[in-house]
Amino acid sequence: MSPRERNQRSRLAQLVHTAGLLRGTLAVRERACGKANCKCANGDKHVSLYLVASYEGRVRQLFIPKDWEPQVRRWVEQYQEARKLLEEVSLLHWDKVQKRQE
Ligand SMILES: [Zn+2]
């Protein structure tokens, strides 16, 4: 195993063992609540953060409360990092097959 592959696997294992992992994209949504006397009736809309992800072919949205935002952002970043590392390990094995190396 090359030092590069060892590092990738080590980081991937660390993420899988200990890190929060969350698949999805964070999206800011603006909405009007419908109350006639609310600030949003004059265009100052409510801003909320959602996590958007598809599961089994259906798009799901999850409201992210303000105090959960840092945690959720970290979990989403860690998922992305793990996915990238997994893809790199896969590419190494693609090459192994192509070059007939075990
Ligand atoms: Zn409102």
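View 1. His46 has a relative accessible area of 22%. That makes His46 partly exposed, the class between buried (under 20%) and exposed (over 50%), with a 1.4 Å probe and protein chains only. The model is predicted: local features need pLDDT of at least 70, side-chain atom pairs count only at pLDDT 80 or more, and totals for chains, interfaces and linings use all residues. Residues are numbered from 1 along each chain as its sequence is written, and side-chain values use heavy atoms, with hydrogens and water left out.

**View 2. Donors of the zinc ion.** Cys33 (SG), Cys38 (SG), Cys40 (SG) and His46 (NE2) coordinate the zinc ion at 2.0 to 2.3 Å. Donors are N, O and S atoms within 2.8 Å of the metal (3.2 Å for Na, K and Ca). Along the chain, their spacing reads C-x4-C-x1-C-x5-H. Cys38 counts as buried at 18% relative accessibility; Cys40 counts as buried at 4%.

**View 3. Geometry of the zinc site.** The site is tetrahedral, with angles of 101 to 116 degrees among the four donor atoms. The ideal angle for four tetrahedral donors is 109.5 degrees.

**View 4. The largest nonpolar core.** Six residues form this core: Leu22, Leu49, Leu51, Ile64, Val72 and Val76. Strand E2 (46–55) and helix H2 (69–98) each give two or more residues to this core. Such a core joins buried Ala, Val, Leu, Ile, Met, Phe, Trp, Tyr and Cys residues through side-chain atoms within 4.5 Å. Helices (H or I, at least four residues) and strands (E, at least two) are DSSP runs, numbered from the N terminus.

Conventions. Tetrahedral: all angles 85-135°; square planar, octahedral: opposite > 155°, others 65-115°.
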